[in-house]
Amino acid sequence: MKEIKTISYIAHNRVPGEKAHSIYVLKMCDAFASNGIDVELIVPFRFQNAGKTNDLQKIPDIKNRF
């Protein structure tokens with residue numbers, strides 16, 4: 001069986017966001033990264049979030065960069 005090295009996680013929601021599913025997306029990406037998989041998180045550009053910094057490292061319980 002071929003080992004997975006990279007995952008592109010596509011989510012159609014605001015990340016980070018105010019809803020629970022945005023936390024779920026971040027936790028899934030964090031879990032993949034914890035297991036040695038390179039994760040690329042792909043989310044749509046939202047004009048409401050333009051100019052805001054979305055530093056995922058400042059979110060509690062997110063340990064890995066992706």
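Asn13 sits in the loop between β1 and α1; helices (H or I, at least four residues) and strands (E, at least two) are DSSP runs, numbered from the N terminus. This is a predicted model, where local features need pLDDT of at least 70, side-chain atom pairs count only at pLDDT 80 or more, and totals for chains, interfaces and linings use all residues. Residues are numbered from 1 along each chain as its sequence is written, and side-chain values use heavy atoms, leaving out hydrogens and water.

**The loop residue**
- Asn13 counts as buried because its relative accessibility is 8%, and buried means under 20% relative accessible area, with exposed over 50% and partly exposed in between (1.4 Å probe, protein chains only).

**The overall layout**
- Of the 66 residues in the protein chain, 26% are buried.

**The strands**
- In a regular strand, side chains alternate between the two faces of the sheet.
- Strand β1 runs parallel to β2 (residues 38-42), and five bridges join the two; strands pair if DSSP finds at least two bridges between them.
- Across from Ile7 you'll find Val39 in β2.
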